[in-house]
Amino acid sequence: MTTTVTTETTQPTGFDHLEIQGVKKVFGENTAIERLDLTVRKGEFLSLLGPSGCGKTTLLRMIAGFETPTDGAILLAGKDIVSLPPHRRPVNTVFQSYLLFPHMNIADNIAYGLKQAKVPKPEIAQRVRESLELVQMEDFAGRRPEQLSGGQQQRIALARALVNRPQVLLLDEPMSALDRKLREEMQLELKRLHTKLDTTFVFVTHDQDEALAMSDRIVVMYDGVIQQIGSGEDIYANPHNGFVAGFIGKQNFIPAEVAATDSTTATLRTANAVLTAPTLTLRPATAAGEPRPLEIGDRVRAAIRPERMHVAPAGENSGEANTARGSVISYSFLGDVIQYMISVGDNDEILARVPAAGREPISAGTEVELSWDVDAVAVYDGEPGALGAAREGGA
Amino acid sequence: MSTQTRPKQPRSKRPATKFFGPAAMSFPTWAYALFFFIIPLALIVFYSFGYKPDQFTAIATDHLSFDRYPEAMSASFVSTFFATLRISLLGTLLCLLIALPFAYWLAIKVAPARRSLALALVMVPFWTNFLVRTLGWQIMLSPDGFLSNWMQSLGLLDGPLDILYTRTAVQIGVVYNYLPLMILPLFVAIDASGKKLREASYDLGAGKVKTFLRVTLPMAMPGVVSGCLLVFIPLNGDYVTATVLGGASGSMVGQLIANQFNTAQNWAVGAAMAMILIISTLVVVGVGFALLKLGQTITARLNSVPLHDGRA
């Protein structure tokens with residue numbers, strides 16, 4: 001079985017393929033996207049990740065041609081496509097609600113784009129068969145969309161877009177209607193297709209796990225502005241600002257004040273503890289701000305990932321530089337890890353995740369000592385209230 | 001089997017249903033159909049086999065025959081019948097041609113906030129008395145009416161407007177009277193096909209015209225069918241429009257039937273004419289459906305992808 005649905009361009013992978021230059025989009029009085037620049041490389045799997053209303057879908061719709069930018073240019077292989085209507089753009093979309101044509105069978109749905117492109121009939125038949133094979137739905141050609149399950153319809157929607165050999169495949173939260181297990185299957189499927197086809201994928205999602213699992217690069221967006229672009233590891237390990245730190249993964253944010261600085265570290269005083277941070281740089285709350293040097297007296301937020309926390313019964317000294325006393329409020333056993341909610345001082349809560357590894361969970365009410373590496377601490381500028389997705393904690 | 005005693009499942013939530021039974025509870029529905037449709041229709045069928053015994057009696061049914069049918073099909077009836085059919089078919093077609101772009105515009109181009117206003121503008125004349133709005137056309141189309149005067153003063157006409165009391169006037173009148181019945185189902189059907197599916201079509205390379213022909217129109221077909229039925233069937237039996245606007249040259253078969261019942265007091269012949277009208281209407285509708293199915297099968301054949309392996 002030879003399945004050869006590939007893009008016909010010969011540019012090497014990594015070539016700057018889709019360029020978004022200074023794009024701005026205003027709806028009435030709302031600015032959905034604020035002067036955005038982004039370059040998508042050829043053959044890349046790029047995710048646009050952010051909470052709802054961050055502008056990611058608007059950006060995708062501008063690439064597809066359903067929205068016109070208020071300002072700026074969108075270049076595909078060097079040519080500005082802003083003035084082209086959607087049906088003239090060499091991109092195809094997989095929609096959130098699949099949008100298969102209910103009055104056509106599956107084969108006719110997939111053939112739709114090829115017919116518009118006036119591809120000869122024998123070739124249409126050939127390519128429809130190939131793309132049905134590609135999504136492993138060969139036996140469904142004659143069915144009607146309403147006879148298929150959500151996951152099956154999603155595969156057909158993928159096949160219907162890919163059969164046209166688009167230069168860029170746009171995916172608008174295509175899995176949000178699927179249940180968890182099916183979603184994980186589809187993620188693997190999509191990754192497999194991407195590897196096989198070498199097509200540029202631009203994937204919109206609000207689900208960070210989905211973005212982390214599939215993407216070559218992730219674009220984190222918030223409030224119409226790109227907050228950070230990078231690989232999953234990079235964004236997780238090295239968030240450039242407080243929004244990214246809180247949005248990707250879980251995070252303990254502890255309000256603190258800078259008490260002292262030396263040549264490489266800063267000493268932060270919180271309500272209930274003193275902790276050392278391995279940095280003299282204050283990272284901004286969002287991409288709107290700039291990093292700046294820490295100064296004594298700055299009110300900041302110290303951020304520590306729950307998995308960097310060590311939890312030990314009180315009295316067992318871990319030898320780490322940063323420690324705090326607390327008591328376990330509750331724990332949840334998540335299989336691979338145990339997640340503790342620990343109160344420190346008055347009404348402040350810290351989230352800690354420790355490997356389960358056969359250990360007995362520490363029961364609620366037990367006095368514990370929290371500790372963490374100096375390296376685990378990052379320092380962000382304040383204003384936690386604006387960041388809905390971030391988990392707030394205090395100590 | 002379990003020996004546990006379970007509380008007995010209530011067979012019906014309403015005690016009244018249990019007491020009277022479902023047939024009694026659905027009385028309003030079947031009584032409506034029985035008393036206002038089945039019995040009157042059965043009477044018409046029955047009367048069409050009767051005869052007019054003397055000048056002062058409208059109907060007698062003491063001996064039954066098919067003789068009223070040939071009697072009803074006089075030369076003038078047949079010619080009026082075909083004229084009526086022409087007016088109805090042409091009227092339905094014209095309604096469709098006018099309503100389709102209008103409904104498309106209303107469902108797709110008009111901002112949702114203004115849609116109810118536009119729909120109200122369609123509906124308000126429709127809620128006005130049928131006779132009154134038809135009389136309005138009589139005033140407008142009359143040779144010394146304002147339309148005639150304007151067209152003459154603008155130099156569009158040499159003499160007075162010569163439309164009133166012709167078949168053209170009836171044609172204009174029925175299209176006007178029945179247009180809302182075509183617009184509404186078409187609007188609903190086009191609206192239901194949805195913006196998102198049109199976007200999917202554009203995304204796959206189809207322009208606006210192709211999207212209309214391949215997605216919007218096929219999905220709106222149920223609306224087209226119900227609109228055509230809603231217009232054609234009552235239009236075929238209409239006699240008010242023809243009475244007001246048609247005069248001698250623009251009469252419709254509904255008038256002939258009404259004459260038999262009201263003026264000539266010959267219910268048997270009137271009933272036979274009504275039966276001929278009902279049956280022929282059903283035949284035309286049946287032929288229309290067959291043509292539609294044939295057309296859909298042919299377009300489906302032309303458009304489908306032969307996958308050569310029996311799967312499609």
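User: Which residues of helix H13 of chain B (residues 253-262) are buried?

Analyst: B:Val253, B:Gly254, B:Leu256, B:Ile257 and B:Gln260 are. Buried means 20 or more other C-beta atoms within 10 Å, exposed 12 or fewer, and partly exposed in between, with C-beta atoms placed from the backbone. This is a predicted model: local features need pLDDT of at least 70, side-chain atom pairs count only at pLDDT 80 or more, and totals for chains, interfaces and linings use all residues. Residues count from 1 along each chain as its sequence is written, while chains are lettered from A and ligands numbered from 1 in the order written.

User: What covers the buried residues of H13(B)?

Analyst: The cover includes helix H5 (75-109), H11, helix H12 (240-245) and H14 of chain B. Helices here are DSSP runs (H or I, at least four residues), strands too (E, at least two), numbered from the N terminus.

User: How are H13(B) and H14(B) oriented, and why is that term used?

Analyst: The angle is about 155 degrees, with the axes 7 Å apart. Angles under 35 degrees count as roughly parallel, over 145 as roughly antiparallel, 65 to 115 as roughly perpendicular and the rest as oblique. H13(B) and H14(B) are therefore roughly antiparallel. Their crossing is left-handed.

User: Which residues make the contact of H13(B) with H14(B)?

Analyst: From H13(B) come B:Val253, B:Leu256, B:Ile257, B:Gln260 and B:Phe261. From H14(B) come B:Trp267, B:Val269, B:Gly270, B:Met273, B:Ala274 and B:Leu277. By class these are nine nonpolar, two polar and no charged residues. Contact means C-beta atoms, placed from the backbone, within 7 Å.

User: How are H11(B) and H14(B) oriented, and how do you know?

Analyst: The axes of H11 (residues 208-237) and H14 (residues 267-303) of chain B come within 11 Å and cross at roughly 155 degrees. H11(B) and H14(B) are therefore roughly antiparallel. The crossing is right-handed.

User: Which residues of H11(B) and H14(B) meet?

Analyst: B:Val225, B:Leu229, B:Ile233, B:Asn236 and B:Gly237 in H11(B) meet B:Leu277, B:Thr281, B:Val285 and B:Leu292 in H14(B). The classes are six nonpolar, three polar and no charged.

User: Is B:Ile298 buried or exposed, and what makes it so?

Analyst: B:Ile298 lies in H14 of chain B. It has 10 other C-beta atoms within 10 Å, so B:Ile298 is exposed. B:Phe20 is 278 residues away along the chain, and the two C-alpha atoms are separated by 52 Å.

User: What makes A:Ala288 partly exposed?

Analyst: A:Ala288 has 13 other C-beta atoms within 10 Å, so it is partly exposed. The residue is in the loop between strand S14 (281-282) and strand S15 (292-293) of chain A. A:Gln227 is 61 residues away in sequence but 8.2 Å away in space, C-alpha to C-alpha.

User: How many helices and strands does chain A have?

Analyst: Chain A has eight helices and 22 strands. Of its 395 residues, 44% count as buried. Residues 24 or more positions apart account for 69% of the contacts in chain A with a separation of 6 or more.

Terms used:
Axes are lines fitted to C-alpha atoms, for helices over the stretch in contact, and angles run from 0 to 180 degrees between N-to-C directions. A crossing is left-handed if the near helix is turned anticlockwise from the far one by less than a right angle, and right-handed if clockwise. Two residues are in contact if their C-beta atoms, placed from the backbone, lie within 7 Å. Ala, Val, Leu, Ile, Met, Phe, Trp, Tyr, Cys and Pro count as nonpolar, Asp, Glu, Lys and Arg as charged, and the others, Gly among them, as polar.
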